Amino acid sequence: MKKLLLTGALGQIGTELTTALRKAYGENNVVASDIHPEIPDGPLRGGLYEVVDVVKPKQIADVVKKYQVTDIIHLAALLSAVGEAKPHLAWEVNMGGLFNVLEVARECGAALFTPSSIAAFGPSTPADQTPQDTIQRPTTMYGVTKVAGELLCDYYYLKYGVDTRGVRFPGLISYEALPGGGTTDYAVHIFYEALKHQSYTSYIDRGTYMDMMYMPDAIKATMQLLEADPQKLIHRNAFNVTAMSFDPEALAAEIRQHIPTFSLSYKVDPVRQNIANSWPNSLDDSVARAEWGFKPEYDLAAMTKDMLTQLKIKLKV
Ligand code: NAD
Ligand code: AKB
């Protein structure tokens with residue numbers, strides 16, 4: 001039986017992934033951890049929880065040994081916009097944290113899943129239908145840590161046989177926890193503002209296309225890859241996955257199908273716009289489909305309908 005530890009479990013992905021893993025593997029087989037001493041009100045209250053700062057290797061090792069963890073889901077990281085504001089800290093947490101977690105996985109014989117990102121690509125990458133294997137010269141600190149992380153995970157598999165796996169997630173859209181400071185966050189905030197004020201001012205300009213995915217598809221993909229037959233995995237650590245690609249105008253048009261009075265305006269933030277400009281418009285995820293059967297369910301229309309339905313309940317509007 002698997003015993004799983006999540007780092008960074010109080011973030012956008014961990015909040016929902018922890019719950020899904022507890023349903024699949026049992027409450028007592030999934031340990032959530034994060035740097036925060038307190039679990040906020042919400043779905044993770046009451047389950048196994050430990051404080052783990054991933055830049056402190058002993059804290060990771062102690063928890064892995066305490067619970068005899070077989071699989072580490074490493075989510076602790078700083079995202080792209082925060083990473084540009086605090087590049088030194090992003091290097092320390094994203095690279096230092098991943099190195100520490102890989103070392104503990106090696107020493108304790110645990111497997112490791114950690115997400116990379118569309119941020120692992122850069123302006124010289126082919127922007128449309130970006131292939132699985134292509135040029136990766138990102139121009140953000142977040143992207144640098146994501147490419148290096150992909151390579152480090154490959155290295156630990158090849159050199160030490162650690163069972164490392166991962167996907168390149170696009171921007172994730174969800175209603176349970178707010179996003180943690182990325183470039184794609186607008187595609188979540190727009191739903192809150194649409195329901196509360198019927199308007200949104202976007203920091204990303206019209207015509208800027210980025211890959212996106214609804215959280216249920218991200219959770220399903222993670223769990224599928226965790227259970228995938230290792231014999232069939234050729235790429236292991238950095239599978240392109242995507243579900244849709246849109247710009248703010250296309251998302252607003254879809255929201256107007258449900259809220260006809262919704263209006264979109266722009267106040268472009270040059271930092272996040274530059275980051276978005278350096279990322280692909282759309283990924284080719286055919287390798288993930290072929291190697292482990294990735295198949296998202298939600299397109300733009302289905303995601304928008306469900307987000308608005310769920311957020312209406314959450315916000316009581
Ligand atoms: P998030 O910012 O919502 O959550 C990250 C969590 O890490 C937070 O709860 C934070 O408290 C924690 N953390 C920060 N520093 C820490 C430290 N030193 N030790 C332990 N915990 C620490 O991020 P997320 O969106 O849940 O992303 C999780 C992973 O998925 C990251 O590697 C991210 O790069 C990747 N990813 C996310 C997206 C997305 O759209 N959400 C897209 C692509 C890749
Ligand atoms: C971000 O915008 O930084 C993240 C990501 C795509 O990695 N959502």
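This is a predicted model: local features need pLDDT of at least 70, side-chain atom pairs count only at pLDDT 80 or more; totals for chains, interfaces and linings use all residues.
1. **Overall make-up.** The chain holds 11 helices and 14 strands. Its radius of gyration is 19 Å, close to the 20 Å that the globule rule gives for 317 residues, so the chain is as compact as a globular protein of that length. The C-alpha trace spans about 55 × 45 × 40 Å along its principal axes.

2. Of the 317 residues in the chain, 55% are buried. Now take the contacts with a separation of 6 or more: 78% of them come from residues 24 or more positions apart.

3. **Helices α8 and α11.** Two packed helices are described by the angle between their axes and the distance between the axes. Here α8 covers residues 248-256 and α11 covers residues 300-315. They pack at an angle of about 55 degrees, and their axes are 10 Å apart. Helix α8 is therefore oblique to α11. The crossing of the two is right-handed.

4. **Which residues make the contact between α8 and α11?** From α8 come Ala 250, Leu 251, Glu 254 and Ile 255. From α11 come Leu 300, Ala 301, Met 303 and Thr 304. By class, this contact has six nonpolar residues, one polar and one charged.

5. **Met 215.** This residue lies in helix α7, residues 215-226. Is Met 215 buried or exposed? Its relative accessible area is 1%, and buried means under 20%, so Met 215 is buried. Leave aside the neighbours within four places in sequence. Met 215 is then in contact with Gln 12, Ile 13 and Glu 16, and also with Leu 172, Ile 173 and Ser 174. As for Ser 33, it is 182 residues from Met 215 along the chain, and their C-alpha atoms are separated by 20 Å.

6. **Gln 129.** Look at the backbone here. Gln 129 is not a glycine, yet its phi is positive, at about 50 degrees. The residue sits in the loop between β6 (116-117) and α5 (141-160). Its relative accessibility is 47%, so Gln 129 counts as partly exposed.

7. **Gln 198.** Gln 198 is found in the loop between α6 (186-197) and β10 (199-202). With a relative accessible area of 34%, Gln 198 is partly exposed.

How values were computed
Residues are numbered from 1 along each chain as its sequence is written. Chains are lettered from A and ligands numbered from 1 in the order in which they are written. Side-chain values use heavy atoms; hydrogens and water are left out. Axes are lines fitted to C-alpha atoms, for helices over the stretch in contact, and angles run from 0 to 180 degrees between N-to-C directions. Helices (H or I, at least four residues) and strands (E, at least two) are DSSP runs, numbered from the N terminus. Angles under 35 degrees count as roughly parallel, over 145 as roughly antiparallel, 65 to 115 as roughly perpendicular and the rest as oblique. A crossing is left-handed if the near helix is turned anticlockwise from the far one by less than a right angle, and right-handed if clockwise. Contact means heavy atoms within 4.5 Å. Ala, Val, Leu, Ile, Met, Phe, Trp, Tyr, Cys and Pro count as nonpolar, Asp, Glu, Lys and Arg as charged, and the others, Gly among them, as polar. The radius of gyration is taken over C-alpha atoms; the globule rule is 2.2 Å times the number of residues to the power 0.38. Buried means under 20% relative accessible area, exposed over 50%, partly exposed in between (1.4 Å probe, protein chains only).
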